[in-house]
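Student: I would like to learn how to read a protein model. Could you take me through one step by step?
Tutor: Gladly; have a look at this one first.

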Amino acid sequence: MIEVDDIKLDIELPASSVLIRVGNFLTDNGIESYIVGGFVRDALLGRDTADIDIAAAADGLETASQIAAITGGRFVPLDEENGVGRVVLAAPGAAPGTGLELDFSTLKGTIENDLSQRDFTIDAMAIDIRELSSGHASFHLIDPAGGHSDLRHGTVRLVSETALMADPVRLLRGVRLAGELGFKIEERTEELIRRYSYLAAEICGERAREELLRIMDVPRNERLLFYMDELGLVTALVPELNRAK
């Protein structure tokens, strides 16, 4: 396992104050919990983000409900089968839809096992929330897939080949991440996206729409659309375009 010490995170208010409060609650109740995924990535890059993923060694739905109660947030059950719940927090004085969203998933096994099942290495890093609640100035980064190195080199790389088969929306997410961050998809990952591009046809409409809208929001998005076509994703999503070609 790759472990990185003394990393600095750029976590702005109100996220920092909310996370400290959440961390204190989870720690006081003996719930092993980790901040994971895109929030860690964006904090390392110094990017603002309002979406925070927390993996907790407890039922994610129950944990989210408890956090909503202590923070005054709104509890939203996302996935009852897999134990995923959301807490929506409105930012004081801000317009609707501009607050924070905390997603709580149920940690099954070790955090390393959890991270090994994620999509891309730059989203497969974690921080023990106890460090944040204890007021540490620097943090120990749990990084079994080498995401910190890929982050420094501007690389989008799959954690494993099976990641695309486990969730085909990752085919689109890889392109979107590369576009949003100005990164390059690693050669092997690009090859796998091209190989499994046909799976894009299995993505449910709502999830495909969400990724496509975010791709369209990237500056100079036409280059991403051409890139998606080179990878075989456009015709997989819209088979009728094969005849148009």
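Predicted model: local features only at pLDDT ≥ 70, side-chain atom pairs only at ≥ 80, totals over all residues.

Student: Now the overall picture, please. How many helices and strands does the protein have?

Tutor: The secondary structure comes to 13 helices and ten strands. Of the 245 residues, 48% count as buried. Among contacts with a separation of 6 or more, 67% are between residues 24 or more positions apart.

Student: How do I describe two helices that pack together, and what are the values for H8 and H11?

Tutor: Two packed helices are described by the angle between their axes and the distance between the axes. For helix H8 (residues 170-181) and helix H11 (residues 222-230), the angle is about 145 degrees and the axes are 11 Å apart. The crossing of H8 and H11 is right-handed.

Student: Which residues of H8 and H11 meet?

Tutor: From H8 come Leu172, Val175 and Gly179, and from H11 come Arg223, Leu224, Tyr227 and Met228. The residues of this contact divide into five nonpolar, one polar and one charged.

Student: What do the buried residues of H9 pack against?

Tutor: Their partners are strand S9 (155-156), helix H7 (162-166), H8, strand S10 (184-185) and helix H12 (233-237). Take Leu192 in H9: this residue is buried, with a relative accessible area of 4%. Leaving aside neighbours within four places in sequence, Leu192 is in contact with Leu158, Glu161 and Leu164.

Student: And Leu231, is that residue buried or exposed?

Tutor: Leu231 is buried, with a relative accessible area of 1%. This leucine is found in the loop between H11 and H12. Not counting residues up to four places away in sequence, Leu231 touches Val175, Glu190, Ile193, Arg194 and Ser197. Two of these names have come up already: Val175 is part of H8's contact with H11, and Ile193 is a buried residue of H9. The C-alpha atoms of Leu192 and Leu231 are separated by 9.5 Å, while the two residues are 39 residues apart along the chain.

Student: Why is H2 described as largely enclosed by the rest of the structure?

Tutor: Six of the eight residues of helix H2 (residues 38-45) are buried, so H2 is largely enclosed by the rest of the structure. Those buried residues are Gly38, Phe39, Val40, Arg41, Asp42 and Ala43.

Student: What about backbone angles? Which residue other than glycine has a positive phi near 55 degrees?

Tutor: Most residues other than glycine have a negative phi. Here Arg220 has a positive value near 55 degrees. Arg220 is found in the loop between helix H10 (205-216) and H11, and at 59% relative accessibility Arg220 counts as exposed.

Student: Could we finish with a strand residue and a helix residue? What does Leu89 touch?

Tutor: Leu89 lies in strand S5 (residues 84-89) and counts as buried at 10% relative accessibility. Beyond four places in sequence, Leu89 touches Val18, Thr71, Gly72, Gly73, Gly99, Leu100 and Leu102. Gly23 and Ile129 are 106 residues apart in sequence and 5.5 Å apart in space, C-alpha to C-alpha.

Conventions. Residues numbered from 1 in each chain as written. Heavy atoms only, no water. Axes fitted to C-alpha atoms, helices over the stretch in contact; angles between N-to-C directions. Helix = DSSP H or I, 4+ residues; strand = E, 2+ residues; numbered from the N terminus. Left-handed = near helix turned anticlockwise from the far one by under 90°. Contact = heavy atoms within 4.5 Å. Nonpolar A, V, L, I, M, F, W, Y, C, P; charged D, E, K, R; others polar. Buried < 20%, exposed > 50% of the residue type's maximum accessible area, 1.4 Å probe, protein only.
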